[in-house]
Amino acid sequence: MFKLAVLVGFPRLPSPFDAFGKRAPLLGESIDRRRSGRGISGIALKAGVLKIILETRGVCYISLMKTLSPFRIILVYSLFLGWTASLFAMEQVILDTDPSYDPDDMGCMAMLHGMANAGELEILAVMNVFHHEESPLAISATNAFYNRAAIPVGDYKVLPKEPAPETNYDWFLAHHYPRTLATSDDAPDATSLYREILASAEPKSVTILVVGTMHNLEQLLKSGPDAHSPLSGIDLVERSVKLVASMGGNFIDGKGYDRTNWGGADALCRDDRTWACLVEEQNAVSRYVLEHCPAPFVASGWENGNGQFNGAEQGDVRTGQGLKKLSEGHIVRVAYEKHFATRGGSHKIDRHSNDQCALLYGARGARYYYHAFVDGKITLSPTGEVCWKPTPGGIQGYVAKKASDAALAEVIETLMMSPVMDRDLTAPTAPGDLRLGSGHAGKELTWTPALEDTPGNWIAYYNVYQGDDFLGRAHGLRFGLNDPVDSGDAPYRVTAVNVAGIEGPAGILGG
Ligand SMILES: [Ca+2]
Ligand SMILES: [Ca+2]
């Protein structure tokens, strides 16, 4: 395995720490990024491990090990494992999140960017489900902070937006960090973005990580054929989605009351804890998804991250305090500090990790972290009671902690502290094989994927032009031409844009 890593893995090593390059200005780009980025783990890697790896390229694993301190052996070992694993599986994920009152959503974004650095996964999009104007903007700022500003951000459009309280971290991030989204109106509708991405995805390839409520998922499942796909939402999810991993429920002994994203439960209502009462609308949304989702669905209940609640005695997985080791302007550290500033002070910022526990399973699988019970059916009652039963042919389940709370916390917090890679300034290749054809919704332009071979980076979307006219953005491999601008016989041009926002050369048709 290690020999394979040496021979095959090395050529895939990323060069994330190239000299700082020029980057396109983002909205509000006056922040001093030297203050706001790149934590100590990045510096340690830059100064040590990568230098060692590059200098010892071709040296066999054993002699390499002899030259390294135990600390570096662990780091190199994990790099080997990461890149070896990445040869076989590059997960493609969509994060569905509600950055607003809980900072664990920011912890999830940090974890995903860290796993993307190591080549474990690609973040196809981040969907916001919260009604704050600043929630999608905070997502955009976070992607920009990690030098992946072009990752598409979808938004739940059913409810009108309202401003976040100025004490909230989503408000602060939106007002203090550069971002690509100017307002939430600039974010595409999450349902449409989901459909466009899933329509071009490989069969059963996309993992949806839901760490907020399931309103976006409900809209997706209820959607009908549109310009992106002739399939219903349910058929599209069945075709393209590999797994839905959700933070929600309560599976202590396979049965209990939810108190989180699935609507809470009236059984937990107490005079001093009205927030734990059932939210009927949220409960109804979650029931719809659980009853109609055709893809494998696995939940991590509140007892995993926050099991020290209401006498459950399941243990908390506490993370966050390690963020204090990052630079003062690090966006995730700042989010945690702002969250706690009005809740006892920003000096102590560790908390339970419900969202991260669910995300860890969704992105990496059970590994040594969890026992996974995935061959059954979950039911959620109108009063918030959750029940899981093994069922022949069942594809729904839950995970229960296998590793210790401390071990899970260390895995999660280490990922939350992942370095910020330098911006990928090398452009993707041109899309290939442009064709005009007739799709289900009329005339359409299709192409084959462009390539982006800088490790830790990928194609975010495609720009479509006719002549000098910009026709629009495509989040897949097709673009409908039912409403083209009148550019006569001017050639069509399609370019790929990587997650860093660098646009490649055009594939050209006609002219
Ligand atoms: Ca959340
Ligand atoms: Ca590149």
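Two strands count as paired if DSSP finds at least two bridges between them. Helices (H or I, at least four residues) and strands (E, at least two) are DSSP runs, numbered from the N terminus. This is a predicted model, in which local features need pLDDT of at least 70, side-chain atom pairs count only at pLDDT 80 or more, and totals for chains, interfaces and linings use all residues. Residues are numbered from 1 along each chain as its sequence is written, and chains are lettered from A and ligands numbered from 1 in the order in which they are written.

**View 1. An open sheet of 3 strands with antiparallel pairing.** The strand order is E13-E14-E17. At the edges are strand E13 (432–439) and strand E17 (478–480), each of which pairs on one side only. On average, neighbouring strands of this sheet are turned by 20° against each other, direction ignored; such angles run from 0 to 180 degrees between N-to-C directions, with axes as lines fitted to C-alpha atoms, for helices over the stretch in contact.

**View 2. The pairing of E13 with strand E14 (residues 442–448).** The two strands run in the antiparallel sense and share 6 bridges. Gly437 stands opposite Glu444 in E14.

**View 3. Asn147 in the loop between helix H7 (134–145) and strand E3 (153–155).** Phi of Asn147 is near 60°, a positive value in a residue other than glycine. Asn147 is buried because 23 other C-beta atoms lie within 10 Å (buried means 20 or more other C-beta atoms within 10 Å of the residue's own, exposed 12 or fewer, and partly exposed in between, with C-beta atoms placed from the backbone).

**View 4. Asp253 in the loop between strand E5 (241–247) and strand E6 (255–257).** Asp253 is not a glycine, yet has a positive phi of about 60°. With 9 other C-beta atoms within 10 Å, Asp253 is exposed.

View 5. Of its 511 residues, 50% count as buried. Contacts are pairs of residues whose C-beta atoms, placed from the backbone, lie within 7 Å. Among contacts between residues at least 6 apart in sequence, 76% join residues at least 24 apart. The average pLDDT (the predictor's confidence in each residue, from 0 to 100) is 85, and 79% of the residues score at least 70. Over residues 1–25 the pLDDT is below 50, and this stretch has 39 contacts in the model beyond near neighbours in sequence. Residues 28–67 also have a pLDDT below 50, with 53 contacts beyond near neighbours in sequence.

Methods:
Contact = placed C-beta atoms within 7 Å.
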